[in-house]
Amino acid sequence: MNDAASLVAEPTAAKTREPVLRIAAGSKIYGGVHAIENVNFDLYPGEVHALVGENGAGKSTLCKAIAGAIQLTSGDYVLDGERVNFEQPRDALRAGICMVYQETSLVPTMTAAQNIELGNEKLLTRFRTLNIQAQQLLQSLNFHVDPATPVGLLGTAKKQMVEIARAIYNKARIIIFDEPTASLTPEEIVHFFHLVRDLRARGVAIIYISHALEESLLIADRITVLRDGRLVITAPAKTLTRDALVQHMVGREVAQAVYGGRRETHHRREKVLTVENVTMGMAVKNMSFSVYAGEVVGIAGLIGSGRTEIAKIVFGALKRNLVNGGTIRLRGKPIRYRVPRQAIDDGIAYITEDRKANGFFETMIVDDNVYIGTLATKKGFSFLLSRARRSKLANYWVDRLKINALQRKARIIELSGGNQQKVVLAKTLAQEPSIIFFDEPTRGVDVGTIPHIHAEIRRLADEGKAVVVISSYLPEILAVSDRILVARTGRIVAEFDAADATQDKILYAAVH
Amino acid sequence: MAIESPVAATEAGHVRLNFAKPNQEQIVLLITIVLLVVFGATLNGFATVSNLLNLLRSISILGILGLGMGLIVISRGIDLSEVAIMAGSWAIGLIEVQQGMPPWAAVLLALAVALVIGAINGLMVAFVEAPALFVTLAAGFVIYGLAFWFAPAWVVYAPKDEPVLLFLGAGRILGIPVPILVFAVAAIAMQLFLSRTSIGRFIYSQGDNPEAARLTGIPLRPLIVLEYVLVALLAWLAGLVWIGTTGSIQMAITQGTMIFDVVLVVVIGGISLVGGRGSVYSVVVGCVLIGTLLNAFTIMDVNSEVQNIIKGVVLLAAIVLDNWLHPRDEETARQGD
């Protein structure tokens, strides 16, 4: 059955050949949630196979499984017709599978030659031999990199060349590129494409992950679209268009059914927060937008678009540039917070995207987590703890957010992801903020809990609070927002009224 | 989850304590009880009132220092200068008494010296953001040097005719040595502070997850300074008991292994180096275990090298236990997602 499916979508070049790699019915489960589910993926020698999908669609999970960084929960991993099971990346590397990461994994203080040999060092190395070998390898690839230069001094494009040379040095037959062009200039991209074609001509199989759909269409032989961990389609690139890809990525009908429509009424009131030309390093560049009381503003954008950073800048957790950093006004008054505490005292809240890293206190029970939120504010502080106040507060939020009350006496770390997220919400909302930033409010949350969180977001806006929702998940943005902003490379590039926003329009703005 | 002991019950309301595995305090308490029974049955003169009081008296200085160290370790810090603060502040205080300063003023001088050093430690950790381990290690050397400069003697004697000054170390109330009572009162006060006040709760949250505490709006920097000042305060108190007990302050202790004994009682009792875990109860249990071992060794006449080996092994065992109870790897970090 699997064979039949792949025959349909066969690239012309590989008709008679066997796939070098095949994942059959591969699934990976994290804590009960499928990161990828029942994915059938194959790769032929001398093929460039692009993987596309939204953030969280399962692209990197699939690639990590292929590169041996994680193991599939179920399903077969077949290499050269034999079932394999890689325990660690080193095993996969030995089998000729190499992943070139987004953030380069080179050691900056070592020279290019040393980096190429890294992990394969002999007991004694002569620098001269090493450099000559590296020079020969680099020249054979047509890379103009001095093998004796420390990698930290090289530009991004050259670093990538060193990474690729390392892959070739390791006799890679399968190379996985994760967003290889993200930090390259247009000229460098052209050069990079030449290189990919070169590798293909040598019979190397290439998996190519990119957010830029045009690039995938241009360079790939075949394209696989993933959505919510499932494989939507694998087809020759020639038969696909940009629009078709977007449609496959979004999966309109499914999303509509789960998330329902957008709410109809919304009363825009006072303008409470203005962000004007805010700049922070390379992450946020000249970002401007406003937020009004009583509305939900959705900020869509890919990872790295500056959406989380701007929320943290407003909240005082990150600092914008001191010179030409732009202005942030709270009800007309310019603000610049040194620490989040000041923002909290002014009624601004930020609910983290990574609750495990910095959202809750894992040794404490639900009630204590909620209580400590209010204790940390000026209004709610009292020197002595009060059990009565703690219970009253926790009861209110447990009830309002429908937190599983059976688990009140359990440490929060033992709760489900959805309940943890609700406790983080309660801890923040107990501080009675008037402007609330939600960063990925339903990441890692079970499906049953998502409607509770969305209902709370709307309720807060109806109570007259200004709510900003940052999410990678477009159906979520469409479901909760009154107004939608799209961030790309540190700027707000588009604004839609919820009434005429569609996933296609948002995605188009976000990727190009 | 059932609450196993009455002591845990009093703090469970405010602290947290809900372990799937037995918690470390309970394991250590059990070991201590077993040891007490075994030594009581096998060693002559162990299970007498006077020996047991002596056992408790011998651990009270370690215990008071342990309360301070416990506080700082709960907040994910460490203070290796605690013993040096104790010795240094009192060496300066006592030398002034020898030169004619009234004892009450010397007591306040020692207190001021201790608090200033604590505040400097705190400021370095909180604002310069230097690692606590190195800040306090360096502070220990600086204090040692400064104290020697002001009080150039290995041993600085306390005046023998000041019973009030020596009362906390040498006195008895109803037959009970006062150091035990000082330790008990300090422990109760610390327990109330940690479990019944919001500052105590903030200290736990800082140790649990400093970044989450920052994003929740807890004023971390002032909190850190306060923590190091409190450690210094307890070091000063321990010094007051020390001079009463021995009649002098010995600068040699700043160069010895005493500070590691303090860390030992804290870690054994279940105050995890990970932060945010354990309580005053941990310090008390850890002290009693170490006190029991040392007391039995003294009766058995075990030499100090063997004692050191056993102490080292116990510390290692405690750290292994801590790792087992609070594993920190990727898989556990991912649970609940």
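Biologist: Which residues does Val78(A) touch, not counting residues up to four places away in sequence?

Modeller: This is a predicted model, in which local features need pLDDT of at least 70 and side-chain atom pairs count only at pLDDT 80 or more, while totals for chains, interfaces and linings use all residues. Residues are numbered from 1 along each chain as its sequence is written, and chains are lettered from A and ligands numbered from 1 in the order in which they are written. Contact here requires C-beta atoms, placed from the backbone, to lie within 7 Å. With residues up to four places away in sequence left out, Val78(A) touches Arg22(A), Ala24(A) and Arg83(A).

Biologist: Is Val78(A) buried, partly exposed or exposed?

Modeller: A residue is buried if 20 or more other C-beta atoms lie within 10 Å of its own, exposed if 12 or fewer, and partly exposed in between. Val78(A) has 18 other C-beta atoms within 10 Å, and therefore it is partly exposed.

Biologist: How far apart in space are Val78(A) and Ala24(A), C-alpha to C-alpha?

Modeller: Val78(A) lies in strand 4 (residues 74-79) of chain A, where strands (E, at least two residues) and helices (H or I, at least four) are DSSP runs numbered from the N terminus. Although 54 residues separate Val78(A) from Ala24(A) in sequence, their C-alpha distance is 7.8 Å.

Biologist: Which helix of chain B gives the most to the side of chain B that touches chain A?

Modeller: In this interface, 26 residues of chain B are in contact with 41 residues of chain A. Helix 9 (198-208), helix 10 (210-216) and helix 15 (330-334) of chain B each supply at least two residues of that side of chain B. With 5 residues, the helix that gives the most is helix 10 of chain B.

Biologist: Which residues have the most contacts inside the largest nonpolar core?

Modeller: A nonpolar core is a set of buried Ala, Val, Leu, Ile, Met, Phe, Trp, Tyr and Cys residues joined through C-beta atoms within 7 Å. The largest has 251 residues, and helix 11 (residues 220-246) of chain B gives the most to this core, with 16 residues. Those with the most contacts inside it are Ile506(A), Ile64(B), Leu65(B) and Ala91(B).

Technical notes: Contact = placed C-beta atoms within 7 Å.
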